[in-house]
Structure formats: C-alpha cells, structure tokens
Amino acid sequence: MSFLKGSKSLMSRKNFICVFFVLITTNVLSQTEQTVVDEIIVVSNRVPVPLEKITTSVTLLSEEEIKSYGNLSLKDVLRQTPAIGTTSNGGIGATSSIRIRGEEGFRTLVLFDELRLSDPSAPQVNTPIEHVLSNGITKVEILRGPQGLSYGADAGGIVSLSSRPEQEGFNVGLDRQFGSFGTEQGSVALTADNEKLDFSLFASELNVDGYNARTSDSVLADDDGYENETVHMRLGANLTDNLRLQAVHRNVDGRTEYDGCFSGTTVHDCDSLYDLSASRMSLEYDSAAYSHTLAYSESKTDRNDFALGALSFGSQGELNRFEYVGSAKNLQGFDIVFGIDLEEEINGALERDNKGYYIEYISDFSSNLFLTAGARRDENDDFGNHTSFRASGAYLLNWDNSRIKFKASYGSGLRAPSLYEIDYNSGPWSYPPASNTNLSEEVSRGFEYGFEYLRNNNLRVELTAFDQEVEDAIFFDLAGFSGYLQDKGTSKSQGIEMDGSYSLSDTISFTTNYTFNDTERPNGLQRIRRPKNLFNFGLNYQSSSEKLRLNAFYRGSRDSVDEQFGSVIDLVNFEVLDITGSYQLSSNVEIFARIENVLNEKYQEIIGYISPERASYLGVRLNF
C-alpha cells in the first residue's frame, strides 16, 4: 500500500497491529463460555438489520458509553471514535467541524430521531455540531464513508442519534454540574415507555464564561463565552400491532461570543446568535412481508451576527422534506428497500428543489454471505440529473463462541454547490478569482475492505482499509478571501482504521482505535486540518458493586497542517488526557466528576485559535 509510506506517528502501525493480534491470541486461549450477542442496526440500510449482517463500517455508542466520556459537546464524544477528526475555533460553542475519513463536515449528515439537523442558513447546509450537546442521547450509530445511498447523494457519512428510552416505565432524570471557565449546566429528561406509547423530553440550559480563544486578541484578551438552550421532544404511538405514529420536535437557541468580526479596527465584542426550530412527523406500517414509512419534516434556522452590538450579518434558511421509505421482506432469497424523497431548500430569497429516487437489493439467501446493491437518481433544479451507486458484501465465519466477518463496499455520491456558495460568488463581497468561478457539483467515490473479529463478547477487533476521492472539491479561498473556489481534479483520502475493545475482567476493560489517513489535494499538497495519525485509548474500571466507575481517555493527533494567507503551516502534534469518574450514592443519586486535558497540553487545531487548557467539573445526577 503506497499510502503507508513516509508516515510518522507516536506509535508505529506495526506496533498497533501486533497489539491487536496479541489480544486475539490471548483471548482465543481463554476458556470463558459466553454467547455472542448481536445488535440491530438501522443506519446502514434504513431498515433494521442485525449487526452481523451489516456489510459497511458502523460505529456504535450506548448511553452508558456516552456518559463515561462525560463531555458536554457531542463533538468531543465523536472525536474519540474511529476515523473522526474534529476542529474548533476555540472552546465549547465555537464554530466546529467533524470530518469522517477526512471528508468535510458538510458531507456528514446528522440525524436525531430521524430528524435532520442540517442548517439551511449555513454556507453548506451542514450540521452546526457545536450546538449539539451530548445529554439526552441514548444511542449513536455512525456510518463511516460515502455509503449513505438512501439518505441522499451528498451524504459522505451518517451520524444517527436516538432518544428512545431503553427501559420501560416512567423515568425522570435531573442533571446539574459546575466547572471551569464559569461552566454551569442544568438539564431534565423525562422518558416513558409501554406497549402503546413511548415518549422522551429533554431540556437543557448551558452557560459558559469561556476563555480568550484567539491568539491575535492580545490586548483586551476577553473571554469568549457560550449559551445554549435546547429542547428535544419525541412521542411515539403504536396505533395497532402494525401501525406506528411518531412526532419529533427540536428547538435550539445558541449564543457564541468570539473575536474577529473586524468591525472597524477592533476584533472584539462579536456575537453569533443561532436559532433552530425543526419538526418531523412519520407514519409507519410494518408487517412480516412489507414496511412503509411516510414522513414530512421542516427545519427553520435563523443566524444573526453582531459587531459592537450592531447587526453585521444575518441569514435565514428553511428545509422542507417529504420522504417515503418502503421494503419488501418476504421475497425469495432477498429483500428490497426503496424510497422517494422530495426536498425544498430555501436560503434567504433563494430556493431550490431536489427529487431523489433509490432502490437497494439486500440478500437473504445465506446465513454466511451477505450482499447489497443499490442505485439512486437525483434530479436537481440547478444541476440536472445524476445517478449514484452502492455495492457491498460480507462473509461470516462462526466457530467456538467466535465470529469473524470479511467485508468490502463501494459507494459514490455528489454534492451540488449550495445556494449560499453560488450567491456569495455572484454577490458584492466576492472578487476574482472566486467571482470568475462557475461552481459545479462535487463527485465522490469511496471503497473499503477489511475484517471484524468478535470473541465471547469481551474481545472485538476491526481493521479496515479505505480509499476515497472527491472530484472538484469546493473550498473557501483562505489565501485571498475572494469567495468559493474549486480544486479542479481529485482530492484523496486513503488510509487504515483499527478499532478494538477488550474486557480483562468484570471490572476492567479498555478500548483503542487508530486512524492513518494520507490526504492529498490535486496540487499534491496535504489537505488542511486532516491529521495523518489519530489515536485514542480508553481504560475503564467498574467496582464489583457497580457503584464506582473510573475512566481515562488518552487521544492524540499527528502530522496535521493548516493554511494561512496561502501558506501551508505545520500544526504541532499533541496528546490530551481526560479522566472521568462517578459514584452511585443510592439507587436515585449519582455524583460525577471529570478533568479535561489533565496534562494541560497547549495545542491548536486551527491556526490562530487556542484549545482549552486543563479544566475540572463536578455534578450530580438524580433518577426517579
């Protein structure tokens, strides 16, 4: 593999591979007799499929795992999973991006209870991940790579969140915590579930004084704070044994203080206000032979930026979407998933429609061999008709409480330039070369292959090689700030992912993942803000009484670059250690604490912005 040449990392890839195979050998010799338990996955094919039959690369996080990380922001949780890198213009609430296998955040679709969190007022209709908190999430499914055929041709990765309760009955959760940077958060969660109704309501208020995040702010050096108010509601009703109605509503109000609005001669006293109101209603019919889901959703966002108290920029967006997803499950040897989606995108006075049609074949003729093949047709008002594809396969071997799965998949997609990008290049703020650039659609392709190994539910190992390309990637001109340009040619991301977990005993377990990603722009330079090496280690302890839990998480980034005024600059390598703990005082009361950046590492993910120093937090959680 040529993409492995010349890489530098804290630990060589050879050592990583040795560690993985030592773990496999050690556990194969163990005599523990357990049954391999499988989970049901929805994110890969839009219909429930057992994990053992999934032919693509999927990462799962449970509610307990999310709590063990302890982070307030979902972004800080996601960056500790395989193949995900993040960047931020400062602390919590600052503009942030998540990149799956090195692809831009606006090619990653984020769903919460199937409600799209995309922001139509943003430049690329991306998810403002900085405004998504980790509280209230009971499950995360991450589909890595451009495999989101049924979600849209521009979905280069999927993050699916769920609030559905995992236990029956009525439950109330109260959460309160305080900490460094003047952090205060309070939240309430109500969940209910029985045979007829299931309900969840989450409300949270977060206030952070922050710190001075911009290096150029050396005179006033004021703190950059953040406020967030989030309400997320979901109601599901099983009308009959086959018919289900579900409604979801989400509202987020965020206020971010930052420097760099350049009002006159100052870079201080800048505020960004973000408001999201989004709803989705769905009706689902499910039988042994067929399933049909009709859904309608609408999302409205309002952004306003202020400089010295005066409005400097404002944008409004709206996304209206109708979806139909169907499946035929009782065919001879295979299932079929098919669907239609009609989407209206509005940005200010501009609007555009996109119609999508797709169909996917899922094999069901073997308990060991699994195949899928699908196609999607998109009809875009501005950029015509395009077809994208996905094909995947997996072969499963089972023996002696162990399972190994070999897998491979290929997917393609495209992203039309957003209304904002097109309008900016034709507006008064743009000048050559951007004003002379006629933006065209990006075309993406991705291929992966690898294997997964599971033994006795206490050892899991996954090794995946990936190769992804984007033709004519759109980017903002960081050299001259003229507007949006296109890298004519192929932008590449090639690498390997290793992910594993191992339970040493009933009380001690550890997790680890490593991603090597060799990226390249058409001009041969490394793609900015994409580390070649990312790694995470986690050590977890749970007392025999299950009252005390301690977790240590160590993450690192190597060989990343950024761009400033047209010059490529090497970013400093860094490692960050976080420690979290909790203690169950009673069946209803739990106290928890965490220390972030224990070693007080000083680092930058983006040139000109300082990442948070050491911080500590203490809280209490009540459950009834």
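The 55 positive and 89 negative charges of the chain have mean positions that lie 5 Å apart; here Lys and Arg count as positive, Asp and Glu as negative, and His and the chain ends are not counted. Each charge is placed at NZ of Lys, CZ of Arg, CG of Asp or CD of Glu. This is a predicted model, in which local features need pLDDT of at least 70 and side-chain atom pairs count only at pLDDT 80 or more, while totals for chains, interfaces and linings use all residues. Residues are numbered from 1 along each chain as its sequence is written, and side-chain values use heavy atoms, with hydrogens and water left out.

**Figure 1. The whole chain, before we zoom in.** The chain holds 4 helices and 33 strands; these are DSSP runs numbered from the N terminus, with helices being H or I of at least four residues and strands E of at least two. Its C-alpha trace spans about 70 × 55 × 55 Å along the principal axes. Of the 624 residues, 54% are buried, where buried means under 20% relative accessible area, exposed means over 50%, and partly exposed lies in between (1.4 Å probe, protein chains only). Among contacts (heavy atoms within 4.5 Å) with a separation of 6 or more, 61% link residues 24 or more positions apart.

**Figure 2. Strand S8 sits between S3 and S9 in an open sheet of 5 strands.** The strand order is S3-S8-S9-S6-S7, and the pairing is mixed. The edges are S3 and strand S7 (115-116), each of which pairs on one side only; two strands pair if DSSP finds at least two bridges between them. Strand S8 (residues 139-143) is mostly covered, with 4 of its 5 residues buried. On one side, S8 pairs with strand S3 (residues 58-62) in the antiparallel sense over 5 bridges, and Glu141 of S8 stands opposite Leu60. With strand S9 (residues 158-162), S8 also pairs in the antiparallel sense over 5 bridges; here Val140 has Leu161 as its bridge partner.

**Figure 3. Strand S10 has S11 as one antiparallel partner and S33 as another.** Strand S10 (residues 169-179) is joined by 11 bridges to strand S11 (residues 183-193), and Phe178 faces Glu184 across that pair. The two strands form a hairpin with 3 residues between them, where Phe181 takes a positive phi near 60°. Strand S33 (residues 615-623) is joined to S10 by 7 bridges, with Leu174 opposite Leu622.

**Figure 4. S26 pairs antiparallel with S25 and with S27.** Strand S25 (residues 484-503) and strand S26 (residues 508-520) share 12 bridges and form a hairpin with 4 residues between them. Look for Glu497 opposite Thr515 in S26. Strand S27 (residues 533-542) is joined to S26 by 9 bridges, and Phe510 stands opposite Leu539 there.

**Figure 5. Leu478 lies in the loop between strand S24 (459-476) and S25.** Leu478 is partly exposed, with a relative accessible area of 22%. Leaving aside residues up to four places away in sequence, Leu478 touches Ile528, Arg529, Glu563, Phe565 and Gly566. For scale, its C-alpha atom is separated by 27 Å from that of Gly210, which is 268 residues away along the chain.

Figure 6. Most residues other than glycine have a negative phi, and most peptide bonds are trans. Arg46, in the loop between strand S1 (40-41) and strand S2 (49-50), has a positive phi of about 70°. Arg46 is buried, with a relative accessible area of 12%. Asp559 has a positive phi near 60° and belongs to the loop between strand S28 (548-558) and strand S29 (561-564). Asp559 is buried too, with a relative accessible area of 18%. The peptide bond from Pro432 to Pro433 is cis, with omega near 10°, and Pro433 lies in the loop between helix H4 (419-425) and strand S23 (442-455).
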